[in-house]
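Open your viewer and get ready for a short walk.

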Amino acid sequence: MKTIYVDNAATTKMSKAAISAMMPYLEENYGNPSSLHTVGQLAQEALVKARMEVAGCLGADVKEIYFTSGGSESDNQALLTAAELGERKGKKHIISQKTEHHAILHALNKLEKRGFEITLLDVDGDGLVTAEQVKNAIREDTVMVTIMTANNEIGTIMPIKEIAAVCKEKGVLFHTDAVQAVGHIPVDVKELGCDMLSLSAHKFHGPKGVGALYVRKGLFPSTLIEGGAQERGRRAGTENIAGICAMAAAMKEAVEKLPENAEKLAKMRDRLIEGLGEISHSVLNGSRTQRLPGNVNMCFEGIEGESILLLLDAKGICASSGSACTSGSLDPSHVLLAIGRPHEVAHGSLRLSLCEENTPEDMEFIIKSVKEVVDYLRKMSPVWQDLQEGKRKYVIQ
Amino acid sequence: MLYSEKVMDHFTNPRNVGTIENADGVGEVGNAKCGDIMKIFLKIDDGIITDVKFSTFGCGSAIASSSMATEMIKGKPVSQALELTNKAVVEALDGLPAHKLHCSVLAEEAVKAAVKDYYDKNGIEYDPEQFAQTHDCEHCG
């Protein structure tokens, strides 16, 4: 049975380029970049080169890139940086929005306990916030605005450039979690105008456990980890050289091939949206136009997401869902609730996130399989029976 | 794997799926908001469950628990079906992950609700204590 992996928003397969870039630093060049000897200095050179490549991909300066363990760490460090600056200036208000990743939301909860006031902006039915909303929420004591570049569940791309401009005008720091965006849509820090940006290697065919935080010149990141003077004293711990080199290689490749891949993915995405849209009482989650090229997220009324995933897995299709059963909590996805899906509908969601290795034939197989699975589960669902008999009203028309 | 082979077997090949026209007892428990609803239909002749069907909206373990519960009570006297515990369902499924145990509780309650419906319809007296809800979900409220 062929495996069709369409869960690339969760993680991706490492590219050949990333693996080749990584191997020398696992085998021969295993030195510590802080060591003065030749073996150590070879590692140091690799680190310098990787930082140049990563900076180059983002339109940043090498001194603006801090390597971290991934997106969550970068997000936490960015928020702590703003918080400590705010505490010094007596500004203790932070603005974000409801569909952020938990790395942001949970870190904000922690800051709230530390005395910060947090405003979480509502999103519209497509999952979008506007620059106007941000502008209206900014106060005298606002220290930072943090809005993700693209949503991990529904793929909605936020108007980051406009939001960053508003923040700049008001003299408020702006951070964006670009974990789902880098390597998938053009991301240039100078063009976007953000002060800080988080990214993670394993979302663009790099390895897990490595990422970066961009912090613009003149702003100094607070430390999450105390210790040695690595990363210009801002992130202690011996550098993950192999991971960092692999990330740089993966990023370079993803950015170079971006226009070609995005076009290919968007075509497959549109076919899936069209094909799955034929299923009765189904709805697309997220914006139809402001959308990541590889993201499809739909709700099917009357059934539950985990069952869909298990049955698709039996057909070789690896996908994901925002149902409570898959989130490990009682509530379905906070993102689907934020865009206005009621609980019972949010439980029946399916996310398919594509990569360039998927094919148009895969899309046809997915459409056929999802149709079969939805039909099968609806036949055994008392909710579906009630809907059909008019005992319960359809939420999705 | 998240689930045992038994759970996957009952999920992918569920036993007794469907409905019974003019069933002698029907029980529905759960809540769509929480993401699981179980409905059990009983056909009862001379105090024996001669047929049982279920329909379930829910995750893999909810469907597997329903399937297993129906298999465990089919052909049994009603009194014996009332003794079915969620623990017995879990054991028969070779275990469920901790956060899925409530699915087996729903299965036990669905069976009890169907029997209660049968008692009510036929004017059979019973001790209401027997049907006290053990499933406490703050969500379903």
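**Start with chain A**

Select chain A: among its contacts between residues at least 6 apart in sequence, 72% join residues at least 24 apart, where a contact means two C-beta atoms, placed from the backbone, within 7 Å. You are looking at a predicted model, in which local features need pLDDT of at least 70, side-chain atom pairs count only at pLDDT 80 or more, and totals for chains, interfaces and linings use all residues. Residues are numbered from 1 along each chain as its sequence is written, while chains are lettered from A and ligands numbered from 1 in the order in which they are written.

Zoom out next. Along the principal axes, the C-alpha atoms of chain A fill a box of roughly 75 × 55 × 35 Å.

**Colour by domain**

Now colour 16-256 as domain 1 and 257-381 as domain 2 of chain A; these bounds come from an automatic or database domain assignment. The C-alpha centres of domain 1 and domain 2 of chain A are 28 Å apart. Where they meet, 23 residues of domain 1 of chain A are in contact with 21 residues of domain 2 of chain A.

**Cross to chain B**

Show both chains: the contact takes 21 residues from chain A and 20 residues from chain B. On the chain A side, helices H11 (305-314), H12 (324-327), H14 (343-346) and H16 (382-388) each supply at least two residues; helices are DSSP runs of H or I with at least four residues, numbered from the N terminus. Finish on H11(A), which gives the most to this side, with four residues.
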